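Please open the model in a viewer and keep the selection panel at hand. The tour has two stops.

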Amino acid sequence: MERLKLFEGRMDLDTRCNYRCTYCTYNPSGHIQPGPINTALLDTIFPFLNRYCWHTYLSCASEPLLHPEFNTVFQKVRTHLTDTDITLVTNGFHLDEPKAEAIIDSPLTDLIISIDSVDSNTYHRTTGTQNALPRVMENIKKICRIKDRQKYP
């Protein structure tokens with residue numbers, strides 16, 4: 001009997017963030033240890049999400065690119081999340097070439113790079129960063145160049 005996928009899954013690959021956005025409501029309580037999810041748990045969690053969720057967010061209000069084993073996480077995404085739409089939301093600051101390639105080689109449906117403003121001063125005030133916007137913009141160009149080297153789709 002075929003099961004209907006009735007759920008949308010949301011999880012944080014890493015509960016830390018390198019930004020301090022003024023509008024962010026995410027602030028782990030004292031009983032949650034901030035940090036990356038144990039990659040061994042993903043072999044249990046991802047098949048469950050794949051089976052029951054029509055859509056899965058791999059980040060909600062933190063920075064998934066901080067996960068120290070990001071490429072391993074995305075190997076598990078390729079293995080287990082084969083039948084669900086997948087969204088990754090990032091601020092793009094740590095989007096280096098290996099992470100960009102891992103994302104492109106995955107079944108990811110949507111990559112959202114959150115840009116709060118293209119004005120450097122507003123971006124700085126909103127995100128609590130200094131000089132981050134030029135790096136994020138270069139990282140966006142980088143992932144587009146890497147994607148363009150591959151044949152569509």
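At what angle do the axes of helix H1 and helix H2 cross? Select residues 42-52 for H1 and residues 70-80 for H2: their axes come within 9 Å and cross at roughly 40 degrees. H1 is therefore oblique to H2. The crossing of H1 and H2 is right-handed.

Next, display the side chains at this contact (heavy atoms within 4.5 Å). H1 contributes Leu42, Asp43, Phe46, Pro47 and Asn50, and H2 contributes Val73, Lys76, Val77 and His80. By class, these residues are 5 nonpolar, 2 polar and 2 charged.

This is a predicted model, in which local features need pLDDT of at least 70 and side-chain atom pairs count only at pLDDT 80 or more, while totals for chains, interfaces and linings use all residues. Residues are numbered from 1 along each chain as its sequence is written, and side-chain values use heavy atoms, with hydrogens and water left out.

For the second stop, select Ile103, Ile104, Ser106, Leu108, Thr109, Asp110, Leu111, Ile143, Cys144 and Lys147, which line the second largest pocket. A pocket is an open set of points on a 1 Å grid where a 1.4 Å probe fits, with protein on both sides within 12 Å along at least five of seven lines; lining residues have an atom within 4 Å of a point. About 220 Å³ of space lies in this pocket.

Colour helix H3 (97-104), strand E4 (110-113) and helix H5 (132-149), the elements that give two or more residues to the lining. H5 gives the most, with 3 residues. The lining comprises 6 nonpolar, 2 polar and 2 charged residues.

Notes
Axes are lines fitted to C-alpha atoms, for helices over the stretch in contact, and angles run from 0 to 180 degrees between N-to-C directions. Helices (H or I, at least four residues) and strands (E, at least two) are DSSP runs, numbered from the N terminus. Angles under 35 degrees count as roughly parallel, over 145 as roughly antiparallel, 65 to 115 as roughly perpendicular and the rest as oblique. A crossing is left-handed if the near helix is turned anticlockwise from the far one by less than a right angle, and right-handed if clockwise. Ala, Val, Leu, Ile, Met, Phe, Trp, Tyr, Cys and Pro count as nonpolar, Asp, Glu, Lys and Arg as charged, and the others, Gly among them, as polar. Grid points are joined across faces, edges and corners, and a volume is the space filled by probe spheres set on the points.
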